[in-house]
Amino acid sequence: MEQYVIKGGNPLVGEVDIAGAKNAALAILSAAIMTDETILIENLPDVRDINVLLEAISEIGAQVERVDKSTVKINGSTIGNLSVDYEFIKKIRASYYLLGALLGKYKHAEVPLPGGCNIGSRPIDQHLKGFRALGADVDICHGAIVAKAENLHGSHIFLDVVSVGATINIMMAASMAAGRTIIENAAREPHVVDVANFLNSMGANIKGAGTDVIRIRGVETLHRTEYSIIPDQIEAGTFMFAAAATGGDITVRNVIPKHLEATTAKLEEIGCEVEEFDDAVRVRAPHTLHRTHVKTLPYPGYPTDMQPQIAVTLALAEGTSIVTESIFENRFKYADELSRMGANIKVEGNSAIIDGVKKLTGARVSAPDLRAGAALVIAGLAAEGITIVDDIVYIQRGYENFEDKLRSLGAEIERVSSEKEIQKFRLRVG
Ligand code: UD1
């Protein structure tokens, strides 16, 4: 098992390049199998979730050719298996996007039912409701979702909750359903728009992505395209909070500043200076951070995937802050770990009440999930002394070269896999 070992206390300063958006890439790679022609996808992040999904795609028979670290060619003409193995869904829930993609293209898909995960119960009833509305028979058989249709037809679907996954999955299937589909109460996240743009570049007819009403006119076939994925707003936001928490000055490059507005607004509220450029954002931390309140909401609200990162930063801000999680039920697992580093954080229901402290101190902590893991790394970078973060396999799911990027900003951080290496690090940093 690998760990990060960190000597905190250095303000992070410099420039960092942001990779392609993992959550957009997961859907776009799945959608890429919906044509028999070859698709070229660029700006893929080199992270574990993406590599696992590419394996799942080649396992069902598609041809996957890695052109370089961030470029892949996919050809779905050789798919012979419409059933995705549980091994993949266990590792990465988002392989459920293959359900919408296979159902749209072949009118038949079998994907194991994903369970809950570390951030709570994750129902997919809205995805299934959408597939049924499009005319599919959807059953759960031996732990798998089996969706089949003679023909898919357009439908008027009102989502009961704003769901990124359901919006994208329904949008994919509806792209190849006969007639017109309207998705109301659709998610508006930038990656929903990116997937719609990608499908449109394959010949789909999707309008309104980015608003809460998406209109799709089904087409019979989709065709080849070349597409570059949008930058990862969550990776970018994570580095922006790393600047704030360490008293640093970081320019995140290759971003779309508009997608970062909720994060930028909060950073300004707590006293940071944020400067926007065409495709970069610079965050300069003040001497003292101020308190604030924040509630996670669907886009364009403050993202749940940025909740642990702001909480860690507020742990070091003057005054009392309240962080409210309204999307997932179990997203404060890191709070106890952060307390062990000296933070004053108390969870009550779906809120965390944080009384800022002057400093955190290094401790051995464990990453409970992807974003909370990254937040604990930020805590370690801001803390006095040595922090060891266990279970970094979660962090590797979604951050490309995390430790290299942090080191290039002046962080003292190493990825290690033994106590001996930890000792060596301790001796080296003194
Ligand atoms: C996606 C992101 C995840 C992010 C989340 C919210 C990907 C791969 N993952 O997850 O990083 O944290 O959006 O921005 O893009 N819900 C239902 N029924 C459903 C579907 C969802 O009740 O059928 C609920 C969920 O429990 C949750 C809320 O809706 O409370 C939002 O979930 P959703 O937007 O679907 O999240 P994901 O697409 O799974």
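Helix H1, residues 22-31, packs against helix H4, residues 97-106, in this predicted model, with an angle of about 25 degrees and axes 8 Å apart. Because angles under 35 degrees count as roughly parallel, H1 is roughly parallel to H4. The crossing of H1 past H4 is right-handed.

Which residues meet here? From H1 they are Leu26, Ala27, Ser30 and Ala31, and from H4 they are Tyr97, Leu98 and Ala101. The residues of this contact of H1 with H4 comprise six nonpolar, one polar and no charged.

I turn now to the cores. The largest nonpolar core has 78 residues, and the members touching the most others are Leu29, Ile41 and Leu199. Setting aside neighbours within four places in sequence, Leu29 contacts Ile41, Leu44, Ile50, Leu53, Leu54, Ile57, Val72 and Ile74. There is also a second, separate core of 69 residues, which includes Val252, Val283, Ala311 and Ala343.

Finally, the lysine. Lys405 lies in helix H14, which spans residues 402-408. Is Lys405 buried or exposed? Its relative accessible area is 11%, and since buried means under 20%, Lys405 is classed as buried. Which residues does Lys405 touch, not counting those up to four places away in sequence? They are Val16, Asp17, Ile18, Ala19, Glu235, Phe239 and Glu400.

Methods
Residues numbered from 1 in each chain as written. Predicted model: local features only at pLDDT ≥ 70, side-chain atom pairs only at ≥ 80, totals over all residues. Heavy atoms only, no water. Core = buried A, V, L, I, M, F, W, Y, C linked by side-chain atoms within 4.5 Å. Buried < 20%, exposed > 50% of the residue type's maximum accessible area, 1.4 Å probe, protein only. Contact = heavy atoms within 4.5 Å. Axes fitted to C-alpha atoms, helices over the stretch in contact; angles between N-to-C directions. Helix = DSSP H or I, 4+ residues; strand = E, 2+ residues; numbered from the N terminus. Parallel < 35°, antiparallel > 145°, perpendicular 65-115°, else oblique. Left-handed = near helix turned anticlockwise from the far one by under 90°. Nonpolar A, V, L, I, M, F, W, Y, C, P; charged D, E, K, R; others polar.
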